[in-house]
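I set out to record what I looked up in this structure, entry by entry.

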Amino acid sequence: MNKISKPTAILLLHCPDTQGIISEVTKFITDNQGNIVHLDQYVDYEDGMFFMRLEWDLEKFVIPREKLHDYFETLYAQRYQMEFQLYFSDEKPRMAIFVSKMSHCLYDLLARYKSGEWDVDIPCIVSNHEDLRYVAEQFQIPYYVWSIKKDHSNKDEVEQAEMQLLKKEKVSFIVLARYMQIITDEMIKAYPNRIINIHHSFLPAFVGARPYYQAWERGVKIIGATSHYVTAELDAGPIIEQDVVRVSHKDTPASMALKGKDLEKIVLSRAVTKQIEHKILTYHNKTIIFS
């Protein structure tokens with residue numbers, strides 16, 4: 001992650017494509033003594049929509065950060081029918097991790113966090129099993145367990161307790177690191193486009209039990225992984241990151257599963273990196289990923 005030592009403001013916006021938006025917004029920043037350090041923009045000509053990510057140095061910026069949102073709303077958002085989000089680089093996102101029994105994604109996330117690769121706080125790890133408590137203890141992160149009954153009769157009660165914890169810890173976004181439970185609509189509404197999931201995705205896709213064995217039986221040549229935002233429709237949310245690796249007739253179900261786990265870690269970490277850096281803008285059911 002390329003870090004800028006001085007605090008910056010990060011603006012993500014989208015609106016109907018209109019002439020002069022870039023010049024108007026950049027003039028606003030420079031007129032108020034802001035120094036632009038990154039600018040990335042994209043026009044969707046099919047929908048006639050404009051997308052932009054803009055980052056500028058706040059050292060000499062004359063508008064107080066607590067008033068910046070209101071200024072931008074009044075001067076530009078209403079005028080251009082903009083939807084926008086404003087972040088500050090010195091305000092760390094707070095990431096909660098949800099896990100079940102598989103540790104590969106959890107270890108990868110925590111290793112990147114501890115090594116300083118990510119400028120993020122992890123206030124809690126949440127699980128429906130005790131199995132991975134030892135991992136959380138290794139990294140000295142609080143680990144909370146709420147067991148869910150087989151008939152799901154306590155599902156609502158568990159999720160209410162989880163949401164109380166997330167609110168208490170001021171969690172910015174959630175990462176499902178192979179968390180094997182369906183998230184309910186209430187939590188999805190509380191964290192729209194802020195719950196990131198990872199799952200294996202094959203070409204073709206194999207659902208149900210033993211997916212790698214099914215893939216091996218079919219003699220697939222490519223296996224993959226997909227990271228996406230969680231929506232009410234299962235595994236149909238906006239896709240953030242995907243990748244594939246080739247396999248052959250020499251692979252066994254076990255070797256394919258091992259390659260799949262490596263891919264899941266990489267794809268999930270890429271998605272989390274983009275989330276932490278505020279480089280994802282969602283529109284309808286797809287994402288614009290800024291460089």
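I located Lys-170 in the loop between helix 5 and strand 8 (173–176); helices (H or I, at least four residues) and strands (E, at least two) are DSSP runs, numbered from the N terminus. The model is predicted, so I noted that local features need pLDDT of at least 70 and side-chain atom pairs pLDDT 80 or more, while totals for chains, interfaces and linings use all residues. Residues are numbered from 1 along each chain as its sequence is written, and side-chain values use heavy atoms, with hydrogens and water left out.

**Entry: positive phi.** I read a phi near 50° for Lys-170, a positive value in a residue other than glycine. Most residues other than glycine have a negative phi. I found Lys-170 to be exposed, because its relative accessible area is 65% (buried means under 20%, exposed over 50%, partly exposed in between, with a 1.4 Å probe and protein chains only). I then turned to His-284, whose phi is near 55° and likewise positive. His-284 sits in the loop between strand 12 (280–283) and strand 13 (286–289), and at 65% relative accessibility it counts as exposed.

**Entry: Asn-154.** Is Asn-154 buried or exposed? I noted it as buried, because its relative accessibility is 11%. Asn-154 belongs to the loop between strand 7 (143–145) and helix 5 (155–168). A polar atom of its side chain lies 2.9 Å from the backbone nitrogen of Lys-149. Leaving aside neighbours within four places in sequence, I listed Ser-147, Ile-148 and Lys-149 as in contact with Asn-154 (heavy atoms within 4.5 Å).

**Entry: salt bridges.** How many salt bridges does the structure hold? I recorded 20, each a side-chain nitrogen of Lys or Arg within 4 Å of a carboxyl oxygen of Asp or Glu. One of them joins Arg-53 and Glu-55 at 3.3 Å, N to O, and both residues are buried.

I next looked up Arg-65 and Glu-91, whose closest N and O atoms are 3.4 Å apart in a salt bridge. This pair links distant parts of the chain, 26 residues apart: Arg-65 is in helix 2 (residues 65–80), and Glu-91 is in the loop between strand 4 (83–88) and strand 5 (94–99). Arg-65 is partly exposed at 30%, as is Glu-91 at 46%.

Asp-121 and Arg-94 form a salt bridge at 3.8 Å, N to O. Asp-121 lies in strand 6 (residues 121–127) and Arg-94 in strand 5, so the pair ties together parts 27 residues apart in sequence. I noted that salt bridges link Lys-92, Arg-94, Asp-119, Asp-121 and Glu-169 in a network.

Conventions. A polar contact is a pair of N or O atoms within 3.5 Å; within protein, one must be able to donate a hydrogen and the other to accept it, and residues adjacent in sequence count only if both atoms are side-chain atoms.
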